[in-house]
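Me: I am new to this structure. Please take a close look at one part of it, the packing inside, and connect that part to the rest.

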Amino acid sequence: MPNYLVIVESPTKVKTVKKFLGKNYNVLASNGHVRDLPKSSLGIDVEHDFEPKYITIRGKGELVASLRKAADKADKVYLATDPDREGEAISWHLSKALRLDPKKMRRITFNEITKTAVKSSLKNARDIDMNLVDEQQARRCLDRMVGYEISPLLWKKIKRGLSAGRVQSVALRIIADREEEINAFIPKEYWTLDADFKVSGEKKPLTAHFYGDQQGKIEISSEEQLQGILDSLKDADYHVSELKTSERSRKAPLPFTTSTLQQEASKTLNMSTYKTMQIAQQLYEGIDLKKGGTVGLISYLRTDSTRISTEADQAAREYIREQYGEQFLSDGSTTENKNKHAQDAHEAIRPTDITRTPSSVKEFLSRDQFRLYQLIWRRFAASRMASARYETNTVKITGGKYVFHASSSRIKFAGFMTVYTQDDDKKLENDHLSGITKESTLSLINFDREQHFTQPPAHYTEASLVKTLEELGIGRPSTYAPTITTIIARHYVTREKKNLYITELGTAVNDLMKEAFPGIVNVDFTANMEQLLDAIGDGTIEWKTVVRNFWPDLDAAVQKADKELEKVKIEDEVTDVICENCGRHMVIKYGPHGKFLACPGFPECRNTKPYLEKIGVKCPKCGGEVLLKKTRKGRIYYGCEHNPDCDFMTWQKPSNIRCPKCGGYMLEKGSRLVCADKECGYVMPRPKQEDPDTAKAASGKPEEAVSAAAGL
């Protein structure tokens, strides 16, 4: 009886794949990489044509030995690592580490972990793609060169524990440039003018927005200009001068790529890029569905393509036809993603079986797994469905020489929106103009004028940063999450309510990189380098050519910077906490797990303490300061500084405002304040800033508190 060995990357896949293949197949896991460059040195022989010096990763000796023993006994070895460039390199490293005979070694890939896909991969076994391996070697060597050459310089010139990276340093610069743009922004004043009209035969008033005059649009830039317009309209008669009704359609969205999944999960599920990829990996590797066995719920998660296989497309169309009807099917003209940087190596991210609905597997999934699977399932189903159709009404109202516009829309056919909507879709339904005709009589009720100022560009969020990196061609699907995770972990960037802010340390690192290594942090240079690396994967460029051309300039820049750059002093933030050992004011330091307090007298005094951040709210039980704390797993909660003497604790951020109804403390929940006493359940708008006037009002009548909180 033949004996076959299949080697996968993750232990999670072993049981699932073995179940699909039967008793003739032995399935083992490599647990990711088995060989890499040494951590103790550059690991690249620059004197001998940049030959990498690979070694077995520490701690994996026994694993490699057991895999080699199993491979020696097997009649054929199938390398089934992930179907991407890195997976191809892992297969190549396994072939070297296990000393596999090329005659009995084959490479197989599957885009989804299902019985059909796994068995089909055996029929399409192939040799290792050395072009992809060489591309990965080039990327690994370039990243190692940048990291191991520049990081020691950062340690020397700024502080220990810092790092630079080929992609992370560019991402940091993009965030820093946005910060400079925001700081340099000069707001400009402008005004808006709305008019409320009573319409004959209609109960609800009509609100129209000032547009301009018969010549075109007018921007109102000052109060004086606005007053002149109002003076002209003082005795004006208003009438409907134009009424248009038209139909427009909204196309179904494309299925998810890695970047669009990360963006949408961040916006709708409030998940970080790291968490999104972590959960997607679990859904891809397999979920135990009890009677249904362990099965992968989604296709491979690292992709830049929106392409869908013919089989998956046909299955989805059949499902939609049965569940929703023929009219909900798209006409098949869904356009593919035209991203010029896309490699199109894999399908888009989709459910492996469209009939496996989110509700049917909910009991087997964690909360986050269910939410992400539901998002992926709905997006894919929507991508195969017909466009939504709207009826839009536009009214032009003329008063004197000026023109006001009002518009509305209503859904005529929901199409894909039956299963999938985004935030923008929820704002479209508005049918307040359906009863208006050209003969309608209008009478002005009042004007509503408001002063505004132009806003600076928004700070990057993880979602918008991923989108920008993809648009600029920097990094690839597998690098977005690790890049963002690294710059946050290094404290170059801090994340507050989704926004990314550059820190003083991040600014210092970015300034040094721009001065000493302008090429490394140049967006165009990095994007061009990505294209060169992709060309290696296509087989059009020899990988060492890229490395040979990169090294001399980098080495020269490092030598020059070491001699010419001055040391940058980053002052530690001083606190009012006194060191009980020596009397100095303790300072805030950063460790692997975040902030902590340390005595500045180190090494004479080595006293350290946990950093407990005050949130400016008094404990409702004892009057002490409420502190922001974290559990061992990193979840944020709020507790009293006098713990354990005071047992106050809450998962939501408390407020200084007391409940006007019961006098209890209130919790911040989005834009609202909610009473912590569930029996009371009082809710009020959250003030923009909890000032003394608001707090005072909150202690009075409920209606006064609401008015104060709303700024009325």
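Reply: What follows starts with the chain as a whole, moves to the packing inside, and ends with some backbone details.

This is a predicted model, in which local features need pLDDT of at least 70 and side-chain atom pairs count only at pLDDT 80 or more, while totals for chains, interfaces and linings use all residues. Residues are numbered from 1 along each chain as its sequence is written, and side-chain values use heavy atoms, with hydrogens and water left out.

The protein chain contains 19 helices and 31 strands. Taken along the principal axes, the C-alpha atoms fill a box of roughly 95 × 80 × 55 Å. The chain has 712 residues, of which 49% count as buried. Buried means under 20% relative accessible area, exposed means over 50%, and partly exposed is what lies in between (1.4 Å probe, protein chains only). A contact means heavy atoms within 4.5 Å. Among contacts between residues at least 6 apart in sequence, 65% join residues at least 24 apart.

Now the interior. A nonpolar core is a set of buried Ala, Val, Leu, Ile, Met, Phe, Trp, Tyr and Cys residues joined through side-chain atoms within 4.5 Å. The largest one here has 78 residues, and those with the most contacts inside it are Met145, Ile150, Leu154, Ile158, Tyr492, Val509 and Phe517. Helix 5 (residues 130-157) supplies the largest share of this core, nine residues. Another core lies apart from it; this one has 66 residues, including Leu122, Ile287, Phe328 and Ile354.

What does Tyr492 touch, leaving aside its neighbours within four places in sequence? Its contacts are Leu154, Leu162, Ser163, Gln168, Leu172, Ile487, Tyr501, Ile502, Thr503, Leu505, Gly506 and Val509. Phi of His491 is near 65 degrees, a positive value in a residue other than glycine. His491 has a relative accessible area of 18% and so counts as buried.

Next come the helix pairs. Two packed helices are described by the angle between their axes and the distance between the axes. Axes are lines fitted to C-alpha atoms, for helices over the stretch in contact, and angles run from 0 to 180 degrees between N-to-C directions. The axes of helix 6 (residues 168-184) and helix 15 (residues 504-516) come within 10 Å and cross at roughly 110 degrees. The two helices are therefore roughly perpendicular, the word for angles of 65 to 115 degrees; under 35 counts as roughly parallel, over 145 as roughly antiparallel and the rest as oblique. Helix 6 brings Ser169, Leu172, Arg173, Ala176, Asp177 and Glu180 to this contact, and helix 15 brings Gly506, Val509, Asn510, Met513 and Lys514. By type, these residues are four nonpolar, three polar and four charged. Ala, Val, Leu, Ile, Met, Phe, Trp, Tyr, Cys and Pro count as nonpolar, Asp, Glu, Lys and Arg as charged, and the others, Gly among them, as polar.

Helix 5 also has a partner: its axis and that of helix 3 come within 8 Å and cross at roughly 100 degrees. That angle makes helix 3 roughly perpendicular to helix 5. From helix 3, Arg85, Glu86, Glu88, Ala89 and Trp92 meet Met130, Leu132, Val133, Glu135, Gln136, Gln137 and Arg139 of helix 5. Five residues of this contact are nonpolar, two polar and five charged.

Helix 3 (residues 85-97) also holds His93. With 6% relative accessibility, His93 counts as buried. Beyond its neighbours within four places in sequence, His93 contacts Val34, Arg35 and Tyr54. Arg99 sits in the loop between helix 3 and strand 8 (105-107). Its phi is near 55 degrees, a positive value in a residue other than glycine. Arg99 counts as exposed, at 61% relative accessibility.

Last, two prolines. A cis peptide bond, with omega about 10 degrees, joins Phe602 and Pro603. Pro603 is in the loop between strand 22 (594-598) and strand 23 (608-610). The bond from Asn643 to Pro644 is also cis, with omega near 15 degrees, and Pro644 lies in the loop between strand 26 and strand 27.

Conventions. Helices (H or I, at least four residues) and strands (E, at least two) are DSSP runs, numbered from the N terminus.
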